[in-house]
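Thank you all for coming; I would like to take a few minutes to walk through one model. Please have a look at it first, and then we will go through its parts together.

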Amino acid sequence: MRTLIYQCWDGEEKQGNLAGIEFMKEYAKKINADHIYDHNSFFKTNLGKYSPNYGKFKCLFDYNDYDFIMYADCDLVPKSNCNENIFEYFSKLDKEFGICEENKAPALRKSFTIGEGINNHNDERWVALVEKKWKIKLPRTNDGLPKVFNSGMMLWSRSGFFKARKKFLDFKDYVKFCNNNFLPSFYSCDQHYIHAMMLICEFDWTIIDSKWNSLIHYHPGAMEEPRPIIDLRGAEYNFVHIQLHGADNWSKNKINQVVNLPISEWNFQDFIFN
């Protein structure tokens, strides 16, 4: 089984991201996977502010010799003692594509607006527009809210990435669709694109255990300093997705502590303000 972990970044490199890449490269070596970090590939430059994010799909078109490919954001970091092989895990599922769900996001978006218009109202608008245009049904939670998937870690089998080459809709057409319907720009990014494509292109897909993409982020409803942190690492987590403002510029040591230690053992002032 030949496997690849692919990461990419357009623009100025930052020490926190470089630390994450280094940790992921070490994990790849541990599980006998190839690791490729693609800097400044500029795969797409004509898709607006989220053009660099579409670079994560470049690996699906460039590499023919792998049985499985994992894409990982640069801020997705393996736990230091993680020895479980993600490709062995995924291969047993016998699926073309796998992605993790953001279990808490739908309810949070019902209560708060995050960033530039990311909320339940706009989630519902996006779902209605996509379902109408492409005659599909997008998945919902047990509470009836649109599910949220995180494209910071995606898994592809060989049949999956060859299907993507054949069936993916043109990136620019999707972005134009979002812009023409006056959706906030976030809905034109890679995350919503792949959410739609896994249904439109009829991938045989599955939800990956969140231990492979455990989120740590600030509470969207709190602005006071220090801001409360939502830590979604479970007891058996493997990868941590560090969604904390400023972490791109943190040292390797800080990134290591965030991934491997409970919040109670962080020096919070040092982490957030230095």
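Which exposed residues does the face of α5 carry where it is turned away from its buried side? They are H121 and K132, where exposed means over 50% relative accessible area, buried under 20%, and partly exposed in between, with a 1.4 Å probe and the protein chains only.

Before I go further, a word on where this comes from: the model is predicted, local features need pLDDT of at least 70, side-chain atom pairs count only at pLDDT 80 or more, and totals for chains, interfaces and linings use all residues. Residues are numbered from 1 along each chain as its sequence is written, and side-chain values use heavy atoms, with hydrogens and water left out. Helices (H or I, at least four residues) and strands (E, at least two) are DSSP runs, numbered from the N terminus.

Let me stay with α5. This helix has 15 residues and reaches 21 Å from its first C-alpha to its last, close to the 21 Å expected at 1.5 Å a residue, the expected span being 1.5 Å times one less than the number of residues. Its buried residues are N120, N122, D123, W126, V127, V130 and E131. Seen down the axis of α5, these buried residues fall within an arc of 165°, so they line one face of the helix; the arc is that of the directions from the helix axis to the C-beta atoms. As a reminder, an α-helix has 3.6 residues a turn, so residues three or four places apart point the same way. The buried residues of α5 pack against α4 (105-111), α7 (171-180) and α8, and contact here means heavy atoms within 4.5 Å.

That brings us to α8, in which eleven of the eleven residues are buried, so this helix is largely enclosed by the rest of the structure. The buried residues run from D190, Q191 and H192 at one end to L199 and I200 at the other, and include Y193 and H195. They pack against β5, α4, α5, β6 (149-157), α7 and β7 (205-208). Just after α8, E202 takes a positive phi of about 60°.

How many cavities of 30 Å³ or more does a search of the whole structure find? There are two, a cavity being a set of points, on a 1 Å grid over the protein atoms alone, where a 1.4 Å probe fits but cannot get out, with lining residues having an atom within 4 Å of a point. Grid points are joined across faces, edges and corners, and a volume is the space filled by probe spheres set on the points.

The largest cavity has a volume of about 70 Å³, and its lining is made up of R109, D123, W126, P146, K147, V148, F149, Q191, H192 and H195. The elements that give two or more residues to this lining are α5 (120-134) and α8 (190-200), with the largest share, three residues, coming from α8. By type, the lining divides into four nonpolar, three polar and three charged residues; Ala, Val, Leu, Ile, Met, Phe, Trp, Tyr, Cys and Pro count as nonpolar, Asp, Glu, Lys and Arg as charged, and the others, Gly among them, as polar.

The second largest cavity has a volume of about 50 Å³, and among the residues that line it are G16, N17, C74, D75, I242 and D248. Here the division is five nonpolar, two polar and two charged. D248 sits in the loop between β10 (239-243) and α9 (252-260), and at 26% relative accessibility it counts as partly exposed. D248 and G16 are 232 residues apart in sequence, yet 4.3 Å apart in space, C-alpha to C-alpha. Leaving aside neighbours within four places in sequence, D248 is in contact with W9, K14, Q15, G16 and N17.

Finally, two backbone points in loops. D94 has a positive phi of about 55° although it is not a glycine; its place is in the loop between α3 (86-93) and β5 (97-101), and it is exposed, with a relative accessible area of 64%. F182, in the loop between α7 and α8, also has a positive phi, near 55°, in a residue other than glycine, and is exposed at a relative accessible area of 69%.

Notes. 1 Å grid on protein atoms, 1.4 Å probe; cavity = no way out; pocket = protein on both sides within 12 Å on 5 of 7 lines; lining within 4 Å.
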